[in-house]
Amino acid sequence: MRALLASAIDILDWLESDATTDARDRVDRDRRIGKTIVQGPRYKQVLAWWAAIAPPEDSLSGERIVALLGLSNGVLALIGTLLGASMAAAVFSYQGDYPVNLFALLGILVGLPLVMLAASLLALVLPFGQRASVFDPLRVINPGRWAGSWLERQHGVSLFASVSKRARASRFARWQLIAFSQTFTIGYFAGVLIIAFMLVVFTDLAFGWSTTLKTDATVVQGILKGIATPWAHWMPAAVPDETLIEASRFYRLDETATSSATLGQWWSFVLMTIMVYGLAPRLIMALIASWQLNRATRRLLEAGPEIDALIDRLRTPAVTFESPDRQDAPATTGKPPLATVLELTDDCGVAIWNEAVTSEALGRLRSGPVTRVEFIAEWESAQAQREHLRALAASDHRLVILTKGWEPPLLAFLDFISLIREELGHDVVLVVVPLDTTRTEVRPEDREVWSNALARLDDANLLVASAV
Amino acid sequence: MNQRIPTFAVVGHPNKGKSSIVATLAEDDEVAISATPGTTRKAMVHTFSIDGEAQYALVDTPGFQRPGELLAWLRSRTDSASDRPGAIAAFIRTHADDPRFVDECELLRPLVAGAGILYVVDGAKPYGPEYELEMEILQWTGRPRMALINMIGSGDHQASWKRALGQYFAIVRVFDAMHSDFDKRTSLLRAFGELDEQWRAPLERAVVELERERSRRRQRSAAEIADCLIECLTHCERDTVADKGDTENDKARLSRRLLNHIRKRERQSFERVAGIYRHERLARESTETEILDADLFTSENWEVFGLSQSQLAVTGALSGAAAGGGVDLLLGGASLLLGAGIGAIVGGVTGWLGSGELARTRVLGNTLGGRVLQVGPVKAVNFPWVLLGRAWLHQHLVSERNHAYRDAVIVAVRSDTNLMDSIPDALRRALGDSLRRASSGAPDDQTYQKLSANIDALLGHDPATLDHDPAITTAD
């Protein structure tokens with residue numbers, strides 16, 4: 001499970017940084033890997049993918065965090081053992097005057113941890129919303145919490161806010177806390193048992209029970225036999241009989257004492273009680289926590305947007321558009337022609353390019369008629385275009401060219417300008433007027449397109465005019 | 001270029017939206033789109049593949065620049081209709097190195113290689129006779145062809161365009177490259193299949209896979225939004241602050257930090273959702289998430305090892321009781337549990353009073369604790385709904401947005417607007433339950449999965465039905 005957790009931490013971290021990889025590269029890479037992975041649980045697919053990715057080890061932190069978790073476990077077990085040993089030394093303390101009080105001993109060593117365990121279990125089974133009220137008081141004395149805080153403060157490993165920086169990892173965090181607690185408590189009971197066993201072997205212990213209440217020994221026997229039920233049929237020596245129970249009752253004012261040998265017979269019952277009601281539940285809980293922690297670790301690799309997206313890339317056909325290398329927009333070259341305002345006079349020639357405007361509409365552009373007008377079109381031959389230009393040659397040294405402003409100037413139009421220069425010379429001032437008959441005025445961006453295109457000609461006698 | 005797959009050359013006059021159509025159909029926001037004519041100077045092949053297997057290709061081509069001269073050349077070569085495709089091929093061979101016809105060669109080459117024709121015009125601008133040159137040249141190629149009337153501006157000259165195009169093209173469709181939704185895009189792809197029987201199957205497969213991909217994208221968006229919501233609803237800012245510092249100032253600082261974290265996470269989520277829809281370069285404008293101080297849970301504690309002052313006192317009391325209890329045991333109960341009682345009191349009081357000193361104790365260069373101020377999580381009841389509403393709106397805008405459209409997405413929802421009025425009650429209740437669990441402070445993977453599933457269901461609804469509400473901006 002350590003390896004799984006280390007992988008989970010590394011995978012989730014790596015996936016987060018992988019978000020900067022080009023989306024298409026990710027799709028290609030993961031689909032290629034996905035085709036080599038057999039179907040199975042999601043986490044196994046993720047692990048198989050991880051094995052195929054094989055990132056450099058030195059970039060990963062999972063092992064370090066897992067090692068810190070291991071260290072925390074060890075420290076908790078040690079502290080638990082020392083605490084258990086201290087508690088046992090105190091509780092089993094027998095000076096020879098009064099026997100060790102069985103009820104106090106079992107209450108402190110076994111009863112209290114059992115209550116804590118019951119509270120933990122209650123918190124686990126409580127419906128959502130009521131857990132916090134049970135868990136919050138437990139947090140105070142939860143060794144797992146101490147370990148988590150220590151890790152965060154001393155090593156910067158934010159284990160519980162999340163092992164993987166994800167709020168939804170709380171299932172993992174909860175079971176890690178419980179696992180830590182079990183480690184601590186198992187250490188505690190180990191300490192208790194070691195000391196208890198040593199005291200039993202190397203000292204003379206005497207156990208007894210006492211009560212102010214007028215309680216019949218049979219009641220106590222019933223309770224103790226009930227406690228001993230789990231081992232009664234295979235270890236009868238560890239079940240106290242009525243005689244022993246009766247003989248073990250003591251009164252502090254009563255000087256008549258039962259022999260120490262008799263009172264020492266309790267040791268097997270005491271040790272079995274600690275093992276069965278103290279250690280065994282914690283071992284079982286530790287196993288459950290380990291199993292659940294393993295599941296929670298697996299689930300870190302089964303749910304979440306990054307994991308969903310990864311599984312998607314692994315399992316579903318890669319839908320891609322292979323696009324070619326990019327091409328940037330061409331840079332504008334040359335000096336943009338000067339802008340002017342259209343003035344149509346009687347003696348200026350007008351060339352209407354590609355039927356940019358009708359004769360009637362042309363009339364609206366000026367107060368009087370324009371006498372020299374030629375309709376010239378892209379679909380005409382160069383010879384036909386030349387003849388139109390010759391018809392305009394007698395006019396003033398100024399030629400107005402009306403064009404469709406919403407259409408971009410093609411190279412065919414620039415060819416036409418060159419043709420004008422061939423026919424009419426370079427002294428003629430050419431005024432290009434992009435019109436927009438669908439609007440009152442040509443759009444500024446369209447006029448800019450025309451200006452930029454005509455700039456390529458680098459013609460000082462070429463102007464761009466606007467007409468309203 | 002693999003001509004065994006259906007290939008479509010997108011051709012036409014410069015600046016009529018050829019690249020926009022390619023960008024939209026190829027879902028590629030890197031395709032250069034510009035008002036400057038001649039932006040596309042080389043034929044660019046965009047191949048749609050499923051698992052590396054090419055299904056069809058789109059070729060973005062330069063526009064016609066000298067169609068008159070080209071057509072004149074073709075006419076001079078042959079009078080026979082059967083020789084016209086050959087004349088086109090001959091033109092390319094003859095002018096392969098002619099700088100005057102670079103664009104024409106680039107756009108005709110894929111047609112000679114077997115591509116179908118998608119002829120693009122701008123239906124918002126008037127029809128002109130100069131277009132007949134281009135249409136006639138395309139007719140000469142003999143290739144299957146479809147005309148697409150793209151709507152770039154606000155004008156409407158569709159009728160005249162349809163009359164003209166109908167004479168040269170078997171299929172004429174109106175397709176708005178900027179605003180067509182997913183269904184229109186797939187419908188157009190299916191229409192490509194009508195040009196040639198052999199192209200129908202691969203195009204249908206492409207459409208089916210695109211529809212599946214769209215469904216997966218919605219699920220992944222829901223997962224991302226769920227993850228973001230869980231983080232934003234549970235996040236809090238904590239800091240160790242000075243013993244006698246300005247608490248209000250510290251609170252304000254942490255509140256700002258919390259708000260910044262939430263905004264940053266929301267932006268990150270928006271970017272990720274945009275990435276799912278392949279909008280890698282999407283500009284975004286968004287109103288800021290509003291969080292008032294009153295919406296924040298705030299607490300202030302002394303903490304040592306992560307334990308608050310009261311927790312430390314309880315721990316001290318328990319420890320004292322245990323120690324005192326040990327003394328009681330040593331005395332065989334003769335102390336009447338006074339040891340445990342006194343121990344508990346001493347331990348508790350020490351824990352309470354001594355927490356400050358203990359917190360300041362330095363071990364290995366670090367203090368054991370300090371006065372810890374925590375701000376957050378946000379407790380405002382409508383906060384999850386506002387976040388969810390914004391995420392829903394953003395996902396909707398992004399998923400319906402075409403890759404030719406380069407303006408910023410605007411996400412603006414007023415915090416007092418309830419987008420959820422339009423969804424079924426059952427879904428609203430399920431979302432409410434999921435959000436409540438997500439806000440619990442300890443959401444787990446099941447919470448995430450349920451929330452994700454419910455958000456997926458939500459994303460299946462259309463917030464645009466609330467377009468009339470002035471508090472919501474869905475237009476971009």
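Is A:Gly226 buried, exposed or partly exposed, and what is its relative accessibility? The legends below start with this residue.

This is a predicted model, in which local features need pLDDT of at least 70, side-chain atom pairs count only at pLDDT 80 or more, and totals for chains, interfaces and linings use all residues. Residues are numbered from 1 along each chain as its sequence is written, chains are lettered from A and ligands numbered from 1 in the order in which they are written, and side-chain values use heavy atoms, leaving out hydrogens and water.

**View 1. A:Gly226 sits in helix H9 (residues 217-232) of chain A.** A:Gly226 counts as partly exposed because its relative accessibility is 39% (buried means under 20% relative accessible area, exposed over 50%, partly exposed in between, with a 1.4 Å probe and protein chains only). Helices (H or I, at least four residues) and strands (E, at least two) are DSSP runs, numbered from the N terminus. Look also for A:Val239, 13 residues from A:Gly226 along the chain: their C-alpha atoms are separated by 9.6 Å.

**View 2. Strand S7 (residues 398-404) of chain A is mostly covered, with 6 of its 7 residues buried.** Two strands pair if DSSP finds at least two bridges between them. S7(A) pairs in the parallel sense with strand S5 (residues 349-353) of chain A over 4 bridges, and here A:Ile401 is the bridge partner of A:Ala351. With strand S8 (residues 429-435) of chain A, S7(A) also pairs in the parallel sense, over 7 bridges. There, A:Lys404 stands opposite A:Leu435.

**View 3. A:Lys404 reaches B:Glu130 in a salt bridge, with the closest N and O atoms 3.0 Å apart.** This pair crosses between chains, from strand S7 of chain A to the loop between strand S4 (116-122) and helix H5 (131-141) of chain B. A salt bridge is a side-chain nitrogen of Lys or Arg within 4 Å of a carboxyl oxygen of Asp or Glu. A:Lys404 counts as buried because its relative accessible area is 7%, and B:Glu130 is buried at 2%.

**View 4. B:Arg220 and A:Asp312 meet through their side chains in a salt bridge (3.4 Å, N to O).** The pair links helix H8 (residues 197-234) of chain B to helix H13 (residues 305-315) of chain A. Both B:Arg220 and A:Asp312 are buried.

**View 5. B:Arg265 and B:Asp227 form a salt bridge, their closest N and O atoms being 3.1 Å apart.** B:Arg265 lies in helix H9 (residues 247-276) of chain B and B:Asp227 in helix H8 of chain B, so the pair ties together parts 38 residues apart in sequence.
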